[in-house]
Amino acid sequence: MKSSSFLTATTGLLAGAALLAAFTGCDTVNTSRRDRYPENRAIIHGQATVVIYEDDYDYYPGYEVYYSRNRHEYVYRDGSQWVRRSEPSGVSLSILLAAPSVRVDFRDSPERHHDSVVRSYPRNWKRHDDQKDDKDDRKKHKKDDKDDRKKDKKDDKDDRKDDQR
């Protein structure tokens with residue numbers, strides 16, 4: 001984590017130094033201000049800004065896909081290689097976004113944590129709320145089945161009465 005941040009900071013500082021050198025020029029001769037800045041040449045003052053941020057990821061266990069909210073990219077295995085793309089492969093974005101996901105708490109590459117993440121969140125993992133919804137759906141389904149059986153018995157009884165008449 002620290003080496004990645006250090007590399008990013010170093011790259012930013014070098015880029016800032018290059019921009020500063022490009023905008024200020026490298027005059028070594030002591031000349032008057034008028035000679036250095038002719039009337040038809042614009043004077044540009046620049047400031048380099050280095051932005052350093054840490055990655056943060058959402059993980060979709062059913063598809064073993066990570067989404068970086070800062071970089072706006074999906075990270076997943078493609079065969080034996082880890083890839084980073086603007087859209088996931090093998091699943092539509094709408095289906096992926098409807099699937100259960102969890103925010104993971106590491107700030108570097110998913111590749112480094114994937115083994116422990118998969119143990120914590122297997123492919124069939126669901127959020128606690130989703131599990132509750134599934135139980136509610138099963139209860140509702142059982143109740144509907146029971147109501148259907150009662151209705152079928154009543155219909156059978158009515159049919160027998162009609163036959164007796």
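Which residues does H114 touch, not counting residues up to four places away in sequence? The tour returns to this residue at its last stop.

**Before starting.** The structure is a predicted model, in which local features need pLDDT of at least 70 and side-chain atom pairs count only at pLDDT 80 or more, while totals for chains, interfaces and linings use all residues. Residues are numbered from 1 along each chain as its sequence is written, and side-chain values use heavy atoms, with hydrogens and water left out.

**Stop 1: the whole protein.** Display the protein as a cartoon. It has 5 helices and 5 strands; these are DSSP runs, helices being H or I of at least four residues and strands E of at least two, numbered from the N terminus. Along the sequence they follow the pattern α-α-β-β-β-β-α-β-α-α.

**Stop 2: the sheet.** Select the 5 strands, which form an open, antiparallel sheet in the order β4-β3-β2-β1-β5. Two strands count as paired if DSSP finds at least two bridges between them. Because β4 and β5 (102-104) each have a single partner strand, they stand at the edges, and one side of each has no neighbour in the sheet. Neighbouring strands are turned by 30° against each other on average, direction ignored; the axes are lines fitted to C-alpha atoms, and angles run from 0 to 180 degrees between N-to-C directions.

**Stop 3: two hairpins.** Select residues 65-68 (β2) and 73-78 (β3), antiparallel strands joined by 4 bridges. Y67 has Y74 in β3 as its bridge partner. The hairpin of β2 and β3 has 4 residues between the strands, and H72 in the turn has a positive phi of about 55°. The hairpin of β3 and β4 has 2 residues between the strands, and G79 takes a positive phi near 70°.

Stop 4: Y59 has V102 in β5 as its bridge partner.

**Stop 5: H114.** Select H114, which lies in helix α4 (residues 114-120). H114 counts as buried because its relative accessibility is 4%; buried means under 20% relative accessible area, with a 1.4 Å probe and protein chains only. With residues up to four places away in sequence left out, H114 touches Y59, E64, Y66, R77 and W82, a contact being heavy atoms within 4.5 Å.

Terms used. Buried means under 20% relative accessible area, exposed over 50%, partly exposed in between (1.4 Å probe, protein chains only).
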